[in-house]
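Please keep the sequence and the 3D view open while reading.

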Amino acid sequence: MVLRLCSDPPAYLGALLWLTVVWSSATAARSCAESRREYEERGYSAASSPLSPISGEHLRLCPQDYTCCSSLMEETLARQSEADFLSAVEDNSQFLLTSFIQRHRKFDEFFRELIDVAEKAMNQMFTKTYGRLYTQNAQLFQQLFTELRRYYSGGGVSLSEVLSDFWAGLVERVFSLVNPQYQFGQDYLECVSKHAEQLQPFGDLPRKLRVQLSRAFIAARALVQGLATGRDIVNKAAKLSVSSECVRALMRQWFCPLCRGMPSVKSCHSLCLNVMKGCLANQADLDSEWNNFIDSLLSLADRLAGPFNVELAADSVAVKVSEAIMHMQENSVTISTKVFQGCGSPRPVPGRAKRSPRERERENERQRRRPFKTYSPEEKPTTAAGTNLDRLVLELKERLRPMRGFWVSLPHTICNDNKMAADVTNEDRCWNGQARGRYLPDVMGDGLVNQVNNPEVEVDIARPDVRTRQLIMELRVAINRLKHAHNGQDTEYMDSDGDDSSGSGLGERYSDDWPGYGSYSPPRSPAYPHKPSRPRERSTTNGDSQLLQFTSFTGKCWNPAGQIASSQ
């Protein structure tokens, strides 16, 4: 048998080959036209864009197949993918940033105006009640509110010392007023204030006001500081440094379809998630402390609207101070007797006869009958800055709750945008990183350590981001401050005076200061060295060498050694 080679192919094969080439060329030309149009719509010149697909050996990021992208286009689109990614992160975190900025401003305005309103109300109340006696001593009260503002603003002020100095100054002035028939030098008055703790001329009111103001102002300041911290954390965390591996992955998922002539094809949802989880691995590591931070803010906000209500505390200043003054007036005979025994007999005012105890009682009775200005609930200054505390707290909680889990859910938030990725129901006709089709790799977990096998982004899990670690530490410091404030404790002034009789500490038990909220007992604060005594404090008129016997209501006395002993 003789085999004969056919030198010419059948005619139908040539026709088929010709049709294939023509169809492929038409398709390529049409695809590059769409890519060029998309490229131009993004604001770039199409001068470097091929009219038809070219060989892709020059590509560094996209598959090196026939392509509609030049090297310049690939570089340009890579930069665009990075910009789009940063814009997506910024846009999605804008809710957080705006919320913290607005809430911080609202609460700060409210607290500052609340102090102003309380001072104005006290000035009006005391001017009507005490007249010239108040105006002559108004500086003492003005100084109290000045120090409250300093504390709230973050100044190095101890509320306990501020209130102690206020009561010491007040007892000197009231003691002079209830004993107008005597002359008192500064040394004598300092003897009175020095031993006010044993005298307790204002009863339990200084302790109650100290507890009420301290808890409320500590909580108010900590909340505002916490909102400022949240603002700063979001600002820093949203400013990313994008790695080259992340840029490569972003380019592959968003713009390689354009280079393949399919600009309308979106990346598969699972592909997008893996890319975002790799690029946002460090941000996801914020999740645990971020949630603790949000929970601490929510908890403190509840405290501030409940038992640590700063509106009630601000309103109570004038009321409790006035009650304290009346308490000292009512007990002026007993208190004066103890002072005269301990500090010595004062000199009478020349030309003025000494009043008998009965006359002094009648004077005190007249003082008690003086009209005292009270406010109805409608008149009471319980609001400031055009709002009230309950409304502010409610709005804050509505803003804070959706913030939990923000950083770990950010990849899903971005990929759920139909501009960024295909819908999860369209997994068979999406871009899988190489071509149109289903994306097969598994979706990675959250955080840095779970990216070890990320198929899209190469992540070095052995090198945690330093800036993210710093943000985690900032969150922990803020959480610690918020938790202490929740317990009525100031981290800058951890009070150790919780057991003294004046009630100056925050660590004591109390149940009668906030009707309707029941008893509350924060943990005792660790001790710290006592603060030095008041700078102007000098020796008393008769000196501490004398036995200062301030006989208290319980039958105890004070001796020079500073011990309390029973008087027999």
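H104 lies in helix α2, residues 71–130; helices are DSSP runs of H or I with at least four residues, strands are E runs of at least two, and both are numbered from the N terminus. The model is predicted, with pLDDT of at least 70 needed for local features and 80 or more for side-chain atom pairs, while totals for chains, interfaces and linings use all residues. Residues are numbered from 1 along each chain as its sequence is written, and side-chain values use heavy atoms, without hydrogens and water.

H104 counts as buried because its relative accessibility is 18%, where buried means under 20% relative accessible area, exposed over 50%, and partly exposed in between, with a 1.4 Å probe and protein chains only. Leaving aside residues up to four places away in sequence, H104 touches V224, L227, A228 and R231; a contact here is a pair of heavy atoms within 4.5 Å. The C-alpha atoms of H104 and A228 are 6.4 Å apart, although 124 residues separate the two along the chain.

The protein chain as a whole has 19 helices and 4 strands. Of its 568 residues, 48% are buried. Among contacts with a separation of 6 or more, 79% join residues 24 or more positions apart.

**Helix packing**

Two packed helices are described by the angle between their axes and the distance between the axes. Axes are lines fitted to C-alpha atoms, for helices over the stretch in contact, and angles run from 0 to 180 degrees between N-to-C directions.

| Helix pair | Angle | Axis distance |
|---|---|---|
| α6 (186–194) and α15 (332–343) | about 115 degrees | 10 Å |
| α5 (159–178) and α8 | about 145 degrees | 10 Å |

The crossing of α6 and α15 is right-handed; a crossing has this hand if the near helix is turned clockwise from the far one by less than a right angle, and is left-handed if anticlockwise. On the α6 side the contact involves Y188, C191 and V192, and on the α15 side V339, F340 and C343. By class these are 6 nonpolar, no polar and no charged residues, with Ala, Val, Leu, Ile, Met, Phe, Trp, Tyr, Cys and Pro counted as nonpolar, Asp, Glu, Lys and Arg as charged, and the others, Gly among them, as polar.

α5 and α8 also cross in a right-handed manner. L159, S160, L163, S164 and W167 of α5 meet P206, L209, R210, L213, S214 and F217 of α8. This contact has 7 nonpolar, 3 polar and 1 charged residues.

**Aromatic rings**

Rings of Phe, Tyr and Trp (its six-membered ring) pair if their centres lie within 6.5 Å; planes under 30 degrees apart are stacked, over 60 edge-to-face, and the rest tilted. The count comes to 21 aromatic pairs. One of them joins F166 and W167 edge-to-face, at 5.2 Å centre to centre and 65 degrees between the planes. Both F166 and W167 are buried.

The charged end of R221 sits over the ring of Y151, 3.9 Å from its centre; the rule asks for NZ of Lys or CZ of Arg within 6 Å of the ring centre and within 35 degrees of the ring normal. R303 is likewise placed over the ring of F308, with its charged end 5.2 Å from the ring centre.

**A backbone detail**

Q200, in the loop between α7 (196–199) and α8 (205–237), has a positive phi near 45 degrees and is not a glycine. Most residues other than glycine have a negative phi. Q200 counts as partly exposed because its relative accessibility is 31%.
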